[in-house]
4 protein chains.
Amino acid sequence: MASNSLGQIFRITTFGESHGVGVGVIVDGTPPGLPLSEDDIQKDLNRRKPGQSRLTTQRKEGDIVKILSGIFEGVTTGHPIALLIENTDARSRNYDDIKNSFRPGHADFTYHHKYGVRDYRGGGRSSGRETACRVAAGAVAKKILDTKGIKIKAATIQVGKIKGNKWVEDFIESNPVRCADPDVEKEMAALIDGARMNLDSVGGIIECRVTNVPIGLGEPIYDKLDCEIAKAILSIGAFKGIEFGNGFEAAEMVGSEHNDAISKNGFLTNHAGGILGGISNGEPIIFRMVVKPTASIAKKQNSIDISGNEIILETHGRHDPCILPRAVPVVEAMTAITLADHLIRSGLYSKKV
Amino acid sequence: MASNSLGQIFRITTFGESHGVGVGVIVDGTPPGLPLSEDDIQKDLNRRKPGQSRLTTQRKEGDIVKILSGIFEGVTTGHPIALLIENTDARSRNYDDIKNSFRPGHADFTYHHKYGVRDYRGGGRSSGRETACRVAAGAVAKKILDTKGIKIKAATIQVGKIKGNKWVEDFIESNPVRCADPDVEKEMAALIDGARMNLDSVGGIIECRVTNVPIGLGEPIYDKLDCEIAKAILSIGAFKGIEFGNGFEAAEMVGSEHNDAISKNGFLTNHAGGILGGISNGEPIIFRMVVKPTASIAKKQNSIDISGNEIILETHGRHDPCILPRAVPVVEAMTAITLADHLIRSGLYSKKV
Amino acid sequence: MASNSLGQIFRITTFGESHGVGVGVIVDGTPPGLPLSEDDIQKDLNRRKPGQSRLTTQRKEGDIVKILSGIFEGVTTGHPIALLIENTDARSRNYDDIKNSFRPGHADFTYHHKYGVRDYRGGGRSSGRETACRVAAGAVAKKILDTKGIKIKAATIQVGKIKGNKWVEDFIESNPVRCADPDVEKEMAALIDGARMNLDSVGGIIECRVTNVPIGLGEPIYDKLDCEIAKAILSIGAFKGIEFGNGFEAAEMVGSEHNDAISKNGFLTNHAGGILGGISNGEPIIFRMVVKPTASIAKKQNSIDISGNEIILETHGRHDPCILPRAVPVVEAMTAITLADHLIRSGLYSKKV
Amino acid sequence: MASNSLGQIFRITTFGESHGVGVGVIVDGTPPGLPLSEDDIQKDLNRRKPGQSRLTTQRKEGDIVKILSGIFEGVTTGHPIALLIENTDARSRNYDDIKNSFRPGHADFTYHHKYGVRDYRGGGRSSGRETACRVAAGAVAKKILDTKGIKIKAATIQVGKIKGNKWVEDFIESNPVRCADPDVEKEMAALIDGARMNLDSVGGIIECRVTNVPIGLGEPIYDKLDCEIAKAILSIGAFKGIEFGNGFEAAEMVGSEHNDAISKNGFLTNHAGGILGGISNGEPIIFRMVVKPTASIAKKQNSIDISGNEIILETHGRHDPCILPRAVPVVEAMTAITLADHLIRSGLYSKKV
């Protein structure tokens, strides 16, 4: 049943609940000698933390990370790095409304049936709060990737029916939607705001681009790089699909279009999204993921209680009307964790360039 | 680097190349006492084997499976089941055209750079021939799922721009496209045939539906059922994307639409595709996957040789103009392997219903 | 490189250094619904903690455990249980004497060469302090074993040349040596005391007995119960050997002696130590382990510094002249962790007796 | 339940029964580019195979290995190497005497209770025949170790009460006992012969020495080199104990004796057996293992049948009166497999010396 670990050589193991003492992660397998401070991690955590704008939940969490082990005199020792983020704004409110009922779109129903017992406060273990650990661990992974110059950048490219068409990398972190296209960002923000005022939520699509990738990451047959990225990404709550390169469009293409021809200067196109036969081919790795509209909404919903009686559920609380802006750093973190593991597995970490 | 195994408790490990002695698999972790014969496995292998119709490759492989271990007096013993499928039509032709060049869309380029040495005959380890092992192992997995009545059915729902709209389960195995919709099957077949005559290939979309699923399969946080299915599916060559339930459509939905309301008779809709919080909720598990057009085409393509010189590549050989009809049983197999592992992991296998 | 986890289904992952913030462990895979409190864990930690008698190190550590996650309303939730033990008596003394030198018998030399960087304060990650996490995790494992009535008891049976001959279970916890034989305990204590006054240390042998074991724990071929116990035990610092049943004596036996005959009332002898073919046979599991004399001694020793210069090393500090009394609960913990994992793996946990 | 794999990066997975089609192994994670032929493997298999002298079983097995995959043009490709050894002398005799009864000292009893179904022919999966796969995989592992000059040599050092005192390496393979001491070999052979004539069997001790070991193999805390060797070794049937360096003698030593002092020319002694803190220190790795007397004896023994009735068991067949001579190459193989995995894990394989 142990299932809270990810990765083989570089491996994270997480713990914690939304309204308990805190959440945390043990990062095992980091090579020794890498400079790492709490600031390095805090920077990414601040991008994920709640309350950054009116588009996100108003829960107030400092999300302050504390390094418990694995760092000595400013560098990694090669031993486990334990990171703790204490919960500070876990309001001790009355949970009677959700204690005995199943919120639609949430894990309440399945956790209840699988485990019998359930920490219902804010979703307990199934809360999005758990992603703080992923971001913290991702910051460590990025230190490993930095040694090879590998760069990961994700952005919101669609919210509801509003689609971006441009990828302006410098723009992404300057807007609350983390949208890559300046032409549609305002419209996306308005849509999110509208959903919130309507007591509803909205979904969208995130794209991730990894550049400066060495050839050779990914292990056939079952640990192909795309499989491993897919597994890591779809483990994030609310993510319902992933596609690489041209993705679902490939259904309508013929082979002579989709195959990336090769010249002496490299690939002429990148329909494959940077991965061939499960191994990185040196081109940018490109993939897109769909995020469902936040399950937590204030609207009345039909559900049942744990005894099977039908109820009308009204859940109040502090929700994100759209999870994408805060999910962007989580996508980057999961990608970084996966690539760091494969960089070491492939023997390329220790190789001098 | 070991990466040819999949699963934790029920685990497969495969080997073999397209033009070597054969391909095979060790299936470890099968519970004891299940009836299993070569016929049980052969039935599924025959659905994947080449030469079933003019829509598939004309390579002639009997794909006859031999059980080497793990069965005694007709039942599983709980010990590893080794299955061997010998290659019989591995023509000893001249490979000089591909020996030193990289076929676009194939793993030639990445294998060359990752491993230095490469069995170029028919793609070697990266050949689709490897999927015979998956199907063989899947037949074992299905024996485990059968004990709980879990049923898996996949079908082609799109080829090129031609989309099916109906799911007629009985129709699927009766047509060479393995299409679920009788209204479009002929059109799909014609499209595939046209691609072949045009020395090209075509992609499409497969849908998979799992019914009679118990509540409780899948382990949070990193071994969620959807993550694990995605990993297994995307490890199949040519698969470039996967989505669960409403999938990418969820981007354009609001929470009050996408959330599946619950009544005392169960869920009123199944936008989630049968999985909530990474755990099966008892509804059918539904997902779709995109398959790129076959990389092997007879058309001339621009590429380079291993010395970096630009070349015009013409690869002859026996290719599938569309891989979907033969990929359908592979999808079912990978799904069965993943579910069997989780049925045992969750403790539900040994539980009396 | 990730290597700080043990177990497959019930799995522990530890972190922490001797003189850092603290040490801790994530216990993953605990079944839901088991009552667990900090007191349950503290009880075992108190048996391992320093300063229990004059026979052990005088370092003063409260070893107070704090549960960070995984418990809700007094019971396990099935999600990771994170346990933290903060360091309180990590004296900020001058480490210049050991900073640049290698203490004989310690990991200083190998850590230096393997990692380049090394937290030298009190041995850092290689400190025996890390075993507090094992004991804490073991207390959780025992809760799982309790549901089946499985009991684990370890004791000191030899110190230096002084050997015990009796196994008086009630006596073990009543004496500071944790010796099982009242007739030799005083002599053992005197020997340990003498070693301390002589600025030296002394080794010994621990025996462990597990009773009320169900038939069927252990998985052939490579996860046999004895292999897995051996791996867990020999991962404890200072443990240099292990034997099961008659152990090394079996070298001098013939088959007709060593084979345990079977009657309708069960096995007539237990030379095998309760394990046949790697699987528990229902008899008590019995094994013995040798513990080397503590490497930390105050006597002058020949060594080198990190530049390779020969030095005379005098290490002061607070050492255990004999580690056995405090190692006894660690042995029990590692045994409990291994058995809990196998109880669940074998499907026997969920089975009603 | 999957448990027939060993190793993380270099990993073996075995299958097969004593009287089925054959036994075999998939070796995954071998680096590409290593020369490997069936002859390389056969050489080691011949050292393990039955019928080498009158001291071993008279079963006639050619033990001819066939490479099924992973080798191309004489070198490893980095993909799984599957090896098959077909059974040829699996006599189709009448098994009625053991079919329904439990042979003392064997896995019959535990397999019956754990699995319900059991391939009783020659012990089925629990047969020593399975070790042929270990030896075959070990031959691959040795190719990896050869690149660094690491050498592994095991020998019989005790049979019954007869103990060797010398380690004459060249002598080991020249005598049927694989004894390292020419002075006692004849006496050992006579003892084994006597046991056979007495319808009995005899145990003993094997020592293994690994030389030219780089510093840095082994991963703290739970994958220490000694733990991993112990696990691998104790997974061999009939092995009941293991000790490193001075082993159980360490119980009677004081710290100032056992600690290996260091000079500028290296360690002055090797009481630790070449491992400190779980990591190789560059000294020879030395360990000893006890092997119980063969469980299969022709003498009458008390046992029960599967219905619980008491019986007198007389098992005929072709047994080794002492398993040590044939176990020596198995010990070397398991050691090689473990070290190869750790050489790659530690990043030292790809490092230029």
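This is a predicted model: local features need pLDDT of at least 70, side-chain atom pairs count only at pLDDT 80 or more; totals for chains, interfaces and linings use all residues.
Residues are numbered from 1 along each chain as its sequence is written, and chains are lettered from A in the order in which they are written. Local features need pLDDT of at least 70, side-chain atom pairs count only at pLDDT 80 or more, and totals for chains, interfaces and linings use all residues, while side-chain values use heavy atoms, with hydrogens and water left out.

**View 1. The contact surface between chain D and chain C.** Each chain is represented by 99 residues in this contact (heavy atoms within 4.5 Å). About 7,700 Å² is buried between the two chains, 60% of it on carbon and sulfur atoms; buried area is the accessible area (1.4 Å probe) that two parts lose on being put together, summed over both. On the chain D side, D:Tyr222, D:Lys240 and D:Phe248 lose the most area to chain C, together 12% of what that side buries.

**View 2. Salt bridge between D:Asp223 and C:Lys231.** The two side chains meet at 3.0 Å, N to O. A salt bridge is a side-chain nitrogen of Lys or Arg within 4 Å of a carboxyl oxygen of Asp or Glu. Chains D and C have eight salt bridges between them. The side of chain D that touches chain C has 43 nonpolar, 33 polar and 23 charged residues; Asp, Glu, Lys and Arg count as charged, Ala, Val, Leu, Ile, Met, Phe, Trp, Tyr, Cys and Pro as nonpolar, and the others, Gly among them, as polar.

**View 3. Strand pairing between chain C and chain D.** Strand E11 (residues 239–244) of chain C runs antiparallel to strand E11 (residues 239–244) of chain D, and three bridges join them. Strands are DSSP runs (E, at least two residues), numbered from the N terminus, and two of them pair if DSSP finds at least two bridges between them. C:Gly241 has D:Glu243 as its bridge partner in E11(D).

**View 4. Salt bridge between B:Lys231 and A:Glu228.** These side chains meet at 3.0 Å, N to O. The count of salt bridges between chain A and chain B is eight. The side of chain A that touches chain B divides into 43 nonpolar, 33 polar and 23 charged residues.

**View 5. Strand pairing between chain A and chain B.** Three bridges join strand E11 (residues 239–244) of chain A to strand E11 (residues 239–244) of chain B, and the strands run antiparallel. In E11(B), B:Ile242 is the bridge partner of A:Ile242.

Note on methods:
Helices (H or I, at least four residues) and strands (E, at least two) are DSSP runs, numbered from the N terminus.
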